There are 2 protein chains.
Amino acid sequence: MELSERALTIQASPIRRLTPLLLEAKKRGITVHHLNIGQPDIETPKVFWDAIKNYDEKVLAYGLSDGLPELKSAVVDYFARYNIVLRQSDIQVTTAGSEAVLYSMCLVTDPGDEIIVFEPFYTNYNGFGTTAGIKIIPVTTKAEDGFALPDLQEIEKKVTSKTKAILVCSPNNPTGHILTAEEMDKIAFLAKKHDLFILSDEVYREFTYEGEKAISFLELKGVEDRVIVGDSISKRFSACGARVGFIISKNPDVMAAALKFAQARLCPPTLEQLGALAAYRMDPSYFEPIRKEYQARRDALYETLKSNPEIVVKKPQGAFYVMAKLPVEDSDAFAAFMLRDFSYEGETTMVAPGDGFYATKGLGMNEIRLAYVLNVERTKRAADILLKGLLEFKRKSK
Amino acid sequence: MELSERALTIQASPIRRLTPLLLEAKKRGITVHHLNIGQPDIETPKVFWDAIKNYDEKVLAYGLSDGLPELKSAVVDYFARYNIVLRQSDIQVTTAGSEAVLYSMCLVTDPGDEIIVFEPFYTNYNGFGTTAGIKIIPVTTKAEDGFALPDLQEIEKKVTSKTKAILVCSPNNPTGHILTAEEMDKIAFLAKKHDLFILSDEVYREFTYEGEKAISFLELKGVEDRVIVGDSISKRFSACGARVGFIISKNPDVMAAALKFAQARLCPPTLEQLGALAAYRMDPSYFEPIRKEYQARRDALYETLKSNPEIVVKKPQGAFYVMAKLPVEDSDAFAAFMLRDFSYEGETTMVAPGDGFYATKGLGMNEIRLAYVLNVERTKRAADILLKGLLEFKRKSK
C-alpha cells in the first residue's frame with residue numbers, strides 16, 4: 001500500500017518546513033524574528049473587522065461558488081482606478097490566491113503538460129504543479145542581472161509541444177523584480193507565437209518603490225483571451241488568514257470552466273468576503289502610507305545586508321522580499337542553525353532557504369529569501385542578528 | 001489556444017448549475033424553497049459567532065498549515081466520545097471537507113489512476129477527480145435495495161491494476177444509507193486483498209434516525225493504515241460558509257504527505273477555526289434536539305413524497321437527503337421547469353437533478369435529490385409544491 005508518486009514527491013514548503021525547529025526555539029523562550037514568511041505586521045483595516053463583527057445572520061450559509069456579487073463589483077471599481085475595465089463576469093472569488101493559481105494551472109494543463117516559470121519563483125507553484133500532475137519548467141533569472149528576464153531565445157528554448165502557459169509574478173516574490181513593458185511584450189510575443197496562456201500572479205500590485213508602477217497583464221492588447229490573473233487580499237489588506245483571492249480573465253471560456261472547478265468546492269469563506277468588500281471600498285489613499293512604510297523597511301533591510309560585502313543582494317523594486325546570496329554552502333543548514341543553535345540576547349531570525357525557490361536542482365543552495373514585513377526597527381534588529389548568526393555559522397562550519 | 005481536457009470535461013455542479021434560473025426566479029419575486037442544496041436553516045451555534053466576534057488581534061495572520069493546535073485537540077476529545085482514540089498528529093485542519101476529499105485523492109492516486117465509488121454519490125467527487133486527473137469508477141446501488149452495497153463480487157469486478165482506493169460516504173449523501181458493520185467488513189476485506197486505501201467521507205456522523213449509530217472507519221481493526229477520513233463542520237454545526245474541515249488518518253506517512261499539500265496553500269481560514277473550536281467544546285447534548293428536528297423533517301418529506309404512488313423513494317436512515325425516482329424522463333428539465341415555468345402562490349421548489357450523482361451515463365435521469373434542511377412546515381410546503389409542479393410538468397410534457 002503505497003502513497004501516490006505526487007504525495008511522495010510534493011515539495012515540503014521551504015518556508016514552512018522549519019516549523020518544528022521554530023516551535024522548539026519558542027519553547028526555549030527565544031524571540032524569533034520572522035523574515036521567513038510574507039506575514040506583514042501591518043494591521044488589517046478596521047473596516048474589515050467591523051464588517052465581520054457586524055454580520056448578524058444566524059446561519060453561516062454557503063455563498064455563491066464564484067463569490068459575493070458585491071465583492072466582485074468592488075473589485076471592478078478597484079481595477080477601474082488602474083484604467084482596467086472589467087466586468088463582474090471576468091472575476092471569480094477564490095479561496096485565496098493559492099486556489100487561483102491551482103485553478104489557473106488546471107484550466108490550461110492536463111497531467112504531464114508543462115508550464116514555464118522564471119526561477120527563483122514563489123515556491124508553492126511547485127506544490128500546485130505537483131497537485132495538478134504537471135511539470136514546472138524553469139528559466140533561470142539571476143541576481144547579477146537584477147532578475148531581469150533572459151533573452152527571448154533563452155525562454156523559447158524551453159517551449160515544447162507540452163508547454164501550455166508561461167507563469168509570471170510581478171512585482172515578484174521572491175526577487176522584488178517588476179516586469180518592464182518590454183519584458184511583458186516578450187512574454188506576449190511568445191504566448192502568441194506558441195499559442196500559450198499567460199498566468200499572471202499580481203498580488204503585490206501596490207507594493208512598488210522606485211516610482212514605476214506594476215503593469216498588469218490585463219492591460220496588454222492582443223493577449224486578452226490568453227491572460228489569467230491570480231490576485232489576493234492577503235498582502236493588499238494584510239489579511240493573510242482570510243483566504244480570499246481572485247481569478248480574473250477576459251476570456252469567457254476560461255471563466256465558465258473556472259466556475260465549474262469552483263462549484264466542486266462549493267464556495268470561498270463567507271465572512272472574510274464581507275471583510276474584503278469593506279476593504280476594497282476604502283479610499284485608495286489607504287495604500288500610500290503603507291507603501292512608504294514598506295519602502296522604509298526595504299531600505300533598512302537592504303542597507304544592513306549590504307554592510308556585509310560577502311552578501312550578494314539586489315535592491316528589490318517591489319513586493320516585500322529579497323533574495324540574498326550568502327557566503328555559505330547550504331542555506332538550509334544555516335536557516336536550521338539560526339533556530340536551533342543560535343541566539344543573540346535571547347533573539348534569533350528565521351529565514352527561508354533559497355533552494356525551494358528554484359526548480360533547477362542545485363540552484364539557490366547559497367541563497368535565502370527574506371521578507372521585510374516587520375517595522376523598520378525590528379527589521380533592522382532581525383537583519384543585525386542575521387549577520388551575527390552568519391558570522392557564527394561560518395566560524396562553526398570551519 | 002485551448003483549455004485543458006479537464007477544464008472542458010469537469011462537471012458543472014448539478015446542485016449549482018441551475019443558479020442562473022434561480023436568480024431569475026427571485027428577480028420575478030418568486031419565493032424559492034431550497035431542497036436542492038444541503039444548506040440547513042439550523043442556527044450556527046452562538047459560541048461559534050462569539051468566538052469570532054471576540055477575536056481581538058489586529059492582524060488577521062496566516063495560521064499553521066495543519067490548523068490550530070487547540071482545534072485539533074478539541075477534535076481529539078470529540079472522537080473520544082465515540083471511543084475513537086486519536087492523536088493530534090492524526091488530524092489536519094483543511095479548508096472544508098472539499099479540500100479533505102481532494103487531498104485524499106491526491107495522496108493515493110496519480111493521474112490516470114482509479115477510485116471506486118458507489119453511485120449515486122456526492123456529485124462533487126466528480127469535480128475533485130477531474131481536478132486530480134483520475135477516474136471515478138462507479139459501482140451502482142439501487143433505491144429498490146435500500147442503496148445497500150452490492151455483492152463483494154460485483155464490487156471486485158471493478159478493481160483493476162489502476163485502482164488505488166474505495167471511496168465511501170456514510171451516512172450517505174445523497175441516499176441516506178448508513179453502512180452496516182457487514183458492509184464495512186466487505187470494504188475492508190477488499191482493501192486488504194487488493195492493497196487499496198479506504199477514503200471515508202463521514203461528515204454526517206451525528207445525523208442518524210433509526211437508532212443505529214454510524215460506525216467510523218477509524219474504528220475498524222486491521223485497516224488502520226489504509227483509512228483516510230474526510231470530515232467537516234459544515235453540517236455538524238450548520239456552518240457551511242465557514243470552510244473548515246479535517247483530514248484524519250492513523251497512518252503517519254499519509255499525514256506527513258497531507259501536510260505538504262497543505263503547506264502549498266498555506267493555511268485554512270483563521271477566524272472560522274476559532275469558531276469551530278468553540279463549537280467542538282460545546283456539550284454533546286447540543287446534537288440530540290437537532291437530530292430529532294432532522295428526523296421530523298425527514299418524516300415530513302418522506303410522507304409527502306409517498307403520497308404520490310408514482311414516486312419511488314426509500315426512507316433515508318441518516319444524513320439529510322433523499323434520492324427520489326420521479327415519473328419523468330428528464331429530471332434536469334423538470335428542475336429547470338420548477339424555476340422557470342412554475343410557481344404556486346408565488347412560491348416554487350428547487351431540486352437537484354439526479355444524473356449528476358451518477359458516473360454511469362444515463363443513470364439518474366429520472367431521479368432528483370432533495371435535502372430536508374428546512375423546518376418541518378417549510379419542508380412540507382416545499383414538498384407539496386414539488387408534487388403540484390410535477391403534475392403540471394407531466395401535463396405540459398404530454
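Trainee: Is B:A319 buried or exposed?

Mentor: This is a predicted model, and the answer rests on computed values. Residues under 20% relative accessible area count as buried, and those over 50% as exposed. Because the relative accessibility of B:A319 is 0%, this residue is buried.

Trainee: Which value does phi take at B:A319?

Mentor: B:A319 sits in the loop that runs between β9 (312-313) and β10 (321-325) of chain B. The residue is not a glycine, yet its phi is positive, at about 60°.

Trainee: How is B:D195 classed by its relative accessibility?

Mentor: B:D195 belongs to the loop between α8 and β6 (197-201) of chain B. Its phi is also a positive value in a residue other than glycine, near 55°. Since B:D195 has 36% relative accessibility, it is partly exposed.

Trainee: Where in chain B is B:P171 placed?

Mentor: The peptide bond leading from B:S170 to B:P171 is cis, and its omega is near -10°. As for its place, B:P171 is found in the loop between β5 (163-169) and α8 (181-193) of chain B.

Trainee: What is the omega of the peptide bond from B:N173 to B:P174?

Mentor: B:P174 is likewise placed in the loop between β5 and α8 of chain B. The bond that joins B:N173 to B:P174 is cis, with omega near 15°.

How values were computed. Residues numbered from 1 in each chain as written. Chains lettered and ligands numbered in written order. Predicted model: local features only at pLDDT ≥ 70, side-chain atom pairs only at ≥ 80, totals over all residues. Heavy atoms only, no water. Helix = DSSP H or I, 4+ residues; strand = E, 2+ residues; numbered from the N terminus. Buried < 20%, exposed > 50% of the residue type's maximum accessible area, 1.4 Å probe, protein only.
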